[in-house]
Amino acid sequence: MNAAAVQARRLAVSPYARRLARERALPLETLRGSGPGGRILAADVLSFATPARPVGQPAVEAAPASPSVAASSIAAFATSIALGALKDLLAAMESTGRVFDIDDVLLRAAGRAFDESPDIDRGADACVALELPGRQAVFATVPEISLTSMRAARLASLRGDRDDAGKFAVLSLRPLPASSIRPIMMPLLPGRAMRLTVSLDTAGNQAECLLITDASSVDESNAAAWLATLKSTIEHPLRLFV
């Protein structure tokens, strides 16, 4: 039996990292894993630098990349989140000069959900990409980052024009304007294994959430549990500050 083939089968690789490596035509044997026991994570694939081509060596044109996610591997989950307790808490905090809005809460709640979902390959900092008009801003959402610090980072990103679309983030987050019309399906963004859209009702008392995942990278039961944790965190908002 070919020794290289045996080694490839024994490599510990997360499903998301395996897909990213396949999309980039990167042999897994060339990657060094930063996860437990040397497991190759998505961040290891995204941070891999292709060796420079020797001078005089002709360039080889790569084969066209296949679509990043096949339609058959898409999974979708939806839930409604009651916002009454959150609105009351935010109003009480605003009266003391501490102002937060729904985007801050969503980023913090997403980080909490990742912290309680260890089987999802989300990288060391549980990065989330906030979708802004024409660009993305990536934020670390680990529990050690306070809601106040997260809000400051988000506001700073609004004042700039950087686009973090090329940075690693397992989830992209798209807050939608308040409306009676809600999406029932959304495409995944390139390089993201999960996408969460959140639309508030016109009274701001309820949020409708749609989670789209690449089922070949994120187990469906893990994705459903992640969304349930997000819902619970927002409906019991004191958890945002723990």
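I looked up helix 5 (residues 102-115) and helix 7 (residues 220-235): their axes come within 8 Å and cross at roughly 130°. Axes here are lines fitted to C-alpha atoms over the stretch in contact, with angles from 0 to 180 degrees between N-to-C directions. Helix 5 and helix 7 are therefore oblique to each other (under 35 degrees is roughly parallel, over 145 roughly antiparallel, 65 to 115 roughly perpendicular, the rest oblique). I noted the crossing of the two as right-handed (the near helix is turned clockwise from the far one by less than a right angle).

Next I listed the contact (heavy atoms within 4.5 Å). Helix 5 brings Val-105, Leu-106, Ala-109, Ala-110, Arg-112, Ala-113 and Phe-114. Helix 7 brings Trp-226, Thr-229, Leu-230, Thr-233 and Ile-234. By class I have 9 nonpolar, 2 polar and 1 charged residues (Ala, Val, Leu, Ile, Met, Phe, Trp, Tyr, Cys and Pro are nonpolar; Asp, Glu, Lys and Arg charged; the others, Gly among them, polar).

On source: this is a predicted model, where local features need pLDDT of at least 70, side-chain atom pairs count only at pLDDT 80 or more, and totals for chains, interfaces and linings use all residues. Residues are numbered from 1 along each chain as its sequence is written, and side-chain values use heavy atoms, with hydrogens and water left out.

Then the whole protein. I find 7 helices and 6 strands (DSSP runs: H or I, at least four residues; E, at least two). From the N terminus, the order is α-α-α-β-α-α-β-β-α-β-β-β-α. Of the 242 residues, 43% count as buried (under 20% relative accessible area, 1.4 Å probe, protein chains only).

Terms used: Buried < 20%, exposed > 50% of the residue type's maximum accessible area, 1.4 Å probe, protein only.
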